[in-house]
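Please read it beside the sequence and the model.

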Amino acid sequence: MSKQWPRIKSRQSVTLSPWVDIITRDVEFAPDQPAEIYHAVGQRDYLAIVARTPSGHFPIVHQYRPALEAFTWELPAGLAEPGEDLAEGCRRELLEETGYPTRAIHHLGTAAPCSGRLSNRIHTFFLETGERIADFVPEAGIGVRLVTAAELVEMIKAGDFVSQLHLGALLLAELRSFIVLR
């Protein structure tokens, strides 16, 4: 294909809620072919946080996910706020969800959560934490647990830690030599 193909002929977006848009694109792949319609879900970019406490544990969060109709164990995470520095967003999310302040932060990478259906990105960071703030109270509906690398591996193998995006975040942290999952 030449540099001018494929070409977006039109783009429309319908807002369903403050969190979700449906994007319709008419895509032309060649001058002699009719445009094809593609749909995507539009959301703000995600933030995923692999954090390690001074004791070497990883804080993970337990919460109900209506999309799955189940409780899940996940990494601390959230949506990037418009105009917010991504690293600062991670500091904010980690503190809000777990009560751990950030001592150091390292960007691990930016990726596409689902290249076929989602139009956003996931920004993954590794955070070294300080000690948990003394009077921390978790957000309503969120539980926090500290796990070792071995416990996290067992949770993954048992199917108790299932977010593919967070499994990818853990892989990036290991590939960049911040953690060892054994």
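Predicted model: local features only at pLDDT ≥ 70, side-chain atom pairs only at ≥ 80, totals over all residues.

**Aromatic rings**

The count comes to 3 aromatic pairs, where rings of Phe, Tyr and Trp (its six-membered ring) pair if their centres lie within 6.5 Å, and planes under 30 degrees apart count as stacked, over 60 as edge-to-face and the rest as tilted. Residues are numbered from 1 along each chain as its sequence is written, and side-chain values use heavy atoms, with hydrogens and water left out.

- Tyr64 is partly exposed at 40% relative accessibility, and Phe71 is exposed at 54%; buried means under 20% relative accessible area, exposed over 50%, and partly exposed in between (1.4 Å probe, protein chains only).
- Arg145 lies over the face of Trp73, 5.6 Å from the ring centre; a charge sits over a ring if NZ of Lys or CZ of Arg is within 6 Å of the ring centre and within 35 degrees of the ring normal.

**Salt bridges**

- The whole structure holds 9 salt bridges, each a side-chain nitrogen of Lys or Arg within 4 Å of a carboxyl oxygen of Asp or Glu.
- Arg65 and Glu74 form one of these, with the closest N and O atoms 2.8 Å apart.
- Within that pair, Arg65 is partly exposed at 32%, whereas Glu74 is buried at 7%.
- Arg91 and Glu88 form a salt bridge at 3.0 Å, N to O.
- Both Arg91 and Glu88 belong to helix α1 (residues 86–98), where they are 3 residues apart, about one turn of the helix; helices (H or I, at least four residues) and strands (E, at least two) are DSSP runs, numbered from the N terminus.
- An α-helix has 3.6 residues a turn, so residues three or four places apart point the same way.
- Arg91 is partly exposed with a relative accessible area of 28%, and Glu88 is partly exposed at 41%.
- Glu93 and Arg92 meet in a salt bridge at 2.9 Å, N to O; Glu93 is buried at 7%, and Arg92 is partly exposed at 21%.
- A network of salt bridges links Glu84, Arg92, Glu93 and Glu96.

**Helix α2**

- In helix α2 (residues 149–158), the buried residues are Ala149, Leu152, Val153 and Met155.
- These residues lie on the same side of α2 because they cover an arc of only 160 degrees around the axis, taken from the directions from the helix axis to the C-beta atoms.
- Lys157 and Ala158, on the other side of α2, are exposed.
- The buried residues of α2 pack against β5 (58–65), β6 (70–74), β10 (143–147) and α3 (164–175), with contact meaning heavy atoms within 4.5 Å.
- Gly159 follows α2 and has a positive phi, near 80 degrees.

**Strand β4**

- Strand β4 (residues 46–52) is largely enclosed by the rest of the structure, because 6 of its 7 residues are buried.
- β4 pairs with strand β7 (residues 77–79) in the antiparallel sense over 3 bridges; two strands pair if DSSP finds at least two bridges between them.
- Ala48 stands opposite Ala77 in β7.
- β4 and strand β9 (residues 122–129) run parallel, joined by 7 bridges.
- The bridge partner of Ala51 in β9 is Leu127.
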